[in-house]
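Please look over the structure shown below.

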Amino acid sequence: METKDLRQKPDTGDHLSPSPALVLTASLLGFALITLDTSVVNVALPSIGSELGGGMSGLQWVVDAYTLAFAALLLSTGAFSDRVGAARAYTVGIAVFTVASAACGFAPNLGVLTGARVVQGVAAAVILPTTLALVRQAYADPGQRSRAVSLWAVGGTVAAALGPVAGGALTTAWDWRGIFFINLPLGLAALALATRLPRSVRRPAPLDLPGQLTAVVALAALAFAVIEGGTVALVALGVAVVSGSVFLAVEARQPHPVVPLGLFRNPVVAVAVAAGSACSVAFYGMIFVFSLYFQQVHHLSALNAGLMFLPLTGLIPVVNMASGRLANRYGPRRPMLIGQSVAVAGLLLLLLVGPGTPLPVMALLLIPMGLGIGLALPPLTAAMMEAVPAERAGLAAGVLNAARQVSGGLGVAAFGALVVGEFAAGLRTSLLISAGLLAATALATLTRLTPQRPAAGTGREPLRTPA
């Protein structure tokens with residue numbers, strides 16, 4: 001007679017989801033939620049300033065408190081997710097983000113709003129790596145997993161593109177608090193899905209707390225120096241320099257650093273991070289400045305200001321997908337170079353904008369900058385992922401995303417400071433800075449990323465790393 005083995009098998013915690021589509025839906029919703037908040041606030045800033053005051057520096061902190069907290073903690077939250085399990089980290093992150101969104105919506109003054117935005121950014125940094133980890137966990141088949149990751153990426157792109165329009169519509173139909181209250185039903189829906197997620201394997205991932213702490217201090221001090229100005233800015237800049245130096249010293253000695261400095265000895269990694277950072281400075285900085293320009297100079301409503309970005313943002317997801325196909329056919333170098341060049345030309349075209357420029361023409365002039373950045377970002381991400389060993393792909397993705405978020409936040413800080421005086425002169429300077437950064441990274445792409453001949457029968461030009 002056959003007997004059953006009643007011994008309990010060890011619980012590894014690795015339970016596959018009965019419905020990968022549910023996991024993908026939860027991941028998409030979480031990723032879209034945090035991505036939307038990087039751009040939805042911009043067109044609501046004049047309304048926030050009108051009610052809560054604070055001047056230009058206060059409005060810059062409303063944007064940068066989220067962006068910098070998000071960026072700085074991305075360096076460590078991947079390891080945190082591995083230690084507690086992706087599903088648990090996702091649930092905690094969504095819950096904190098939802099509560100912080102409610103605090104933003106009920107904020108009685110600018111200080112409370114800024115503090116709540118910091119908490120939102122911390123939660124967003126926890127959510128981002130967990131969404132991708134959950135997708136990878138749910139799909140065992142490499143082909144299905146690749147398609148799921150592509151959908152995940154497109155979902156984030158669409159959310160970022162819709163941010164200005166959604167922010168304008170909510171601010172006009174409700175008021176600025178609506179851009180935060182809309183997160184509550186979305187957050188609750190994500191939490192409902194989180195209860196059905198499979199438990200994730202916990203892995204012993206080391207945390208570099210000294211490196212993380214010094215990175216946060218350095219970035220916060222640098223942003224403070226750029227935004228606040230005056231004598232206090234010199235003190236903040238000194239703190240940023242000292243903290244940055246300590247960070248580099250710590251990372252050079254840590255066995256498990258949050259940013260392995262040796263990674264940047266690979267020229268493909270260095271160019272990808274530089275190009276991604278330049279794209280973020282231009283895109284987020286221009287969205288911030290032109291949101292103010294449309295409302296303060298042309299006196300548009302928040303809704304109409306958001307709609308001015310629709311031709312730009314509506315085409316970005318389409319260009320992202322086309323860029324992926326170009327990168328598959330020709331390798332990442334060519335679409336990176338074309339995208340950065342088009343973005344530079346678009347930024348220089350925007351120098352023609354003035355108070356007398358018809359609004360439809362202004363909306364059209366924004367398109368080339370967005371198309372170029374949309375064309376450059378997917379292949380530079382692919383180039384970086386191909387340039388590192390598979391076991392370091394997650395770390396490389398965290399470094400790239402953190403660099404892009406930090407650069408976007410500092411771009412907002414710098415350009416906001418420039419337009420405080422003479423708006424038109426500050427706008428022109430911001431455009432020239434953005435164009436100069438992208439021109440420099442385009443030159444680096446041309447000189448540092450050398451294509452080989454296409455592999456036989458593939459038509460693709462893989463990158464090689466120059467010696």
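Predicted model: local features only at pLDDT ≥ 70, side-chain atom pairs only at ≥ 80, totals over all residues.

Me: What percentage of the residues of the protein chain count as buried?
Reply: Buried means under 20% relative accessible area, exposed means over 50%, and partly exposed lies in between (1.4 Å probe, protein chains only). Of the 467 residues in the protein chain, the buried share is 52%.

Me: How much of the accessible surface of the protein chain belongs to carbon and sulfur atoms?
Reply: Accessible areas come from the Shrake-Rupley method with a 1.4 Å probe, and for residues only the protein chains shown count as cover. The accessible surface of the protein chain is about 20,000 Å², and the part belonging to carbon and sulfur atoms is 66%.

Me: Which residues make the nonpolar surface patch, and which helices give two or more residues to it?
Reply: Patches are made of residues with over 30% relative accessible area and no salt bridge; like charges are joined within 9 Å, and nonpolar side chains (Val, Leu, Ile, Met, Phe, Trp, Tyr) within 5 Å. The nonpolar patch here, of about 330 Å², is made by Leu213, Val217, Val235 and Val239. The elements that contribute two or more residues to this patch are helix 9 (209-228) and helix 10 (230-253).

Me: Why does valine 217 count as partly exposed?
Reply: Valine 217 belongs to helix 9. Valine 217 counts as partly exposed because its relative accessible area is 33%.

Me: Where is glutamine 212, and which residues is it in contact with beyond its neighbours within four places in sequence?
Reply: Glutamine 212 is also found in helix 9, and it counts as buried because its relative accessibility is 7%. Contact means heavy atoms within 4.5 Å. With neighbours within four places in sequence left aside, the contacts of glutamine 212 are Ala72, Leu73, Leu75, Ser76 and Val258.

Me: Is glutamine 60 buried or exposed, and which residues does it touch?
Reply: Glutamine 60 is part of helix 3 (residues 55-84). With a relative accessible area of 1%, glutamine 60 is buried. Not counting residues up to four places away in sequence, glutamine 60 touches Ile227, Phe288, Val412, Ala413, Gly416 and Ala417.

Me: At what angle do helix 13 and helix 16 pack?
Reply: Two packed helices are described by the angle between their axes and the distance between the axes. Axes are lines fitted to C-alpha atoms, for helices over the stretch in contact, and angles run from 0 to 180 degrees between N-to-C directions. Helix 13 (residues 310-330) and helix 16 (residues 367-387) have axes 8 Å apart, and their packing angle is about 35°.

Me: How far apart in space are leucine 315 and glycine 370?
Reply: Leucine 315, in helix 13, is among the residues of that helix that meet helix 16, and Gly370 is one of those on the helix 16 side. Leaving aside neighbours within four places in sequence, leucine 315 is in contact with Ile367 and Leu371. Leucine 315 and glycine 370 are 55 residues apart in sequence, and their C-alpha to C-alpha distance is 8.2 Å.

Me: Which residue forms a salt bridge with arginine 117?
Reply: A salt bridge is a side-chain nitrogen of Lys or Arg within 4 Å of a carboxyl oxygen of Asp or Glu, and the count by this rule is 2. For arginine 117, the closest N and O atoms are 3.3 Å apart, and the partner is aspartate 37. The pair links distant parts of the chain, 80 residues apart: arginine 117 lies in helix 5 (residues 110-138), and the loop between helix 1 (20-36) and helix 2 (45-52) holds aspartate 37.

Me: What is the N to O distance in the salt bridge of arginine 177 and glutamate 51?
Reply: Arginine 177 counts as buried because its relative accessibility is 14%, whereas glutamate 51 is partly exposed at 45%. The N to O distance between the side chains of arginine 177 and glutamate 51 is 2.7 Å.

Notes. Residues numbered from 1 in each chain as written. Heavy atoms only, no water.
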